[in-house]
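Dear colleague,

Here is the structure I said I would pass on.

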Amino acid sequence: MPRWFITPLLALSAAFAAAAEDGKLLYEQNCAACHLPDQMVVGPSLIEISKLYAKRPKEFVEWSIKPQKKRNNVIEMPSMAHLGEEKLLAIREHMLTASVGLKEKPAITKDPLARPARRPEIQRMFLPNVGPAAIAVALPGDLNVCFDAGDCRLRTVWRGDFLDCWAYYKSNGKATAALLGKTLWSLPADESLQKRVKFRGYTVDATGLPTFEYERDGAQFRETIVADGAGLARRFEVTTPKPVVLPLDEATTCATGSVVKAATRQLTLTPAEAKSFTLSVRLP
């Protein structure tokens, strides 16, 4: 075979391999909590999904972006619109491949994800006081955080093991998973925020840490949460033509900008300051 023909084939093969790996990672980060390869848990198994969508990629994407409740006693799936068509198709390809040769097993009787967290690890899971929009992250060390994709902000920090998801699976998604360890910091839900924010998804760096992307009051946010000594550092990159105003709780400080309206602890940043700043969260 001519060399000029082999080279494109190798490149194409590498591209397919990369896409397959991306699909596997995206599935683990966004789908594995509800869809196991060979068992019905909160949602159908990959075996059943493959039967439904083996020849219907368009319908798979449409359903993932705008799911509806169609099964009795099964909780409605949250939208995966933030992933976009390309990533959803990569997930579908992984599901089709991963289910080949498998046979459907009886319903589970224990938490299929029960194991020590890999750290860092990302898990989409229904969590207390947050619900289906929760994205749990086990950080290196012993800290864990919950980012609320509905409010587009950090909601909970706890120290210890990661999650106990058995109540969630046993109830078919009607109960929340339990946080393993001691809760150190939390914020209540703020429904007013949901009208001002839009979750855009997240990217994952080479170490496995996510950077959350969202809009808030017209500004474009990128937020990465990392352990920082005994506390947390929330690193932001914000693109905005106007000042950014953020409320700070008593445990959160910022070296950039100025705190105004001391009674409400609001932080005001100019567009230039907002390009890169860090909020430090002090933990007990």
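Please keep in mind that this is a predicted model. I begin with a few local points in the backbone, then go on to the helices and the cores.

Cys152 lies in the loop that links strand 3 (143-148) and strand 4. Its phi is positive, about 55°, although Cys152 is not a glycine. Cys152 is buried, at a relative accessible area of 1%.

Asn129 also has a positive phi without being a glycine, in this case about 65°. Asn129 sits in the loop between strand 1 and strand 2 (134-138). With a relative accessibility of 69%, Asn129 counts as exposed.

Asn129 is one of the residues touched by Arg155, which belongs to strand 4 (residues 153-159). Is Arg155 buried or exposed? Arg155 is buried, with 2% relative accessible area. Leaving aside residues up to four places away in sequence, the contacts of Arg155 include Val130, Cys146, Asp148 and Trp185, as well as Ser186, Leu187, Pro188 and Ala189.

There is a cis peptide bond from Arg119 to Pro120, with omega near 0°. Pro120 is in the loop between helix 4 and strand 1 (121-124).

On the helices: in helix 2 (residues 46-53), the buried residues are Leu46, Ile47, Ile49, Ser50 and Tyr53. They span an arc of only 165° around the axis, so they lie on the same side of helix 2. Helix 2 packs against helix 4 (residues 84-98) at an angle of about 115°, and the two axes are 8 Å apart. The pair therefore counts as roughly perpendicular, and helix 2 passes helix 4 in a left-handed crossing. From helix 2, Leu46, Ile49, Ser50 and Tyr53 take part in the meeting; from helix 4, Arg92, Met95, Leu96 and Ala98.

On the cores: the largest nonpolar core contains 40 residues, and Phe212, Leu232 and Phe277 are those with the most contacts inside it. Not counting residues up to four places away in sequence, Phe212 touches Ile135, Val137, Phe147, Phe199, Gly201, Tyr202, Phe221, Arg222, Glu223 and Ile225. A second, separate core has 21 residues, among them Ile108, Met125, Val130 and Cys165. Val130 is also among the contacts of Arg155.

For the protein as a whole, the secondary structure amounts to 6 helices and 16 strands. Of its 284 residues, 43% count as buried. Among contacts with a separation of 6 or more, 52% are between residues 24 or more positions apart.

Regards

Definitions and conventions
Residues are numbered from 1 along each chain as its sequence is written. This is a predicted model: local features need pLDDT of at least 70, side-chain atom pairs count only at pLDDT 80 or more; totals for chains, interfaces and linings use all residues. Side-chain values use heavy atoms; hydrogens and water are left out. A nonpolar core is a set of buried Ala, Val, Leu, Ile, Met, Phe, Trp, Tyr and Cys residues joined through side-chain atoms within 4.5 Å. Buried means under 20% relative accessible area, exposed over 50%, partly exposed in between (1.4 Å probe, protein chains only). Contact means heavy atoms within 4.5 Å. Helices (H or I, at least four residues) and strands (E, at least two) are DSSP runs, numbered from the N terminus. The arc is that of the directions from the helix axis to the C-beta atoms. Axes are lines fitted to C-alpha atoms, for helices over the stretch in contact, and angles run from 0 to 180 degrees between N-to-C directions. Angles under 35 degrees count as roughly parallel, over 145 as roughly antiparallel, 65 to 115 as roughly perpendicular and the rest as oblique. A crossing is left-handed if the near helix is turned anticlockwise from the far one by less than a right angle, and right-handed if clockwise.
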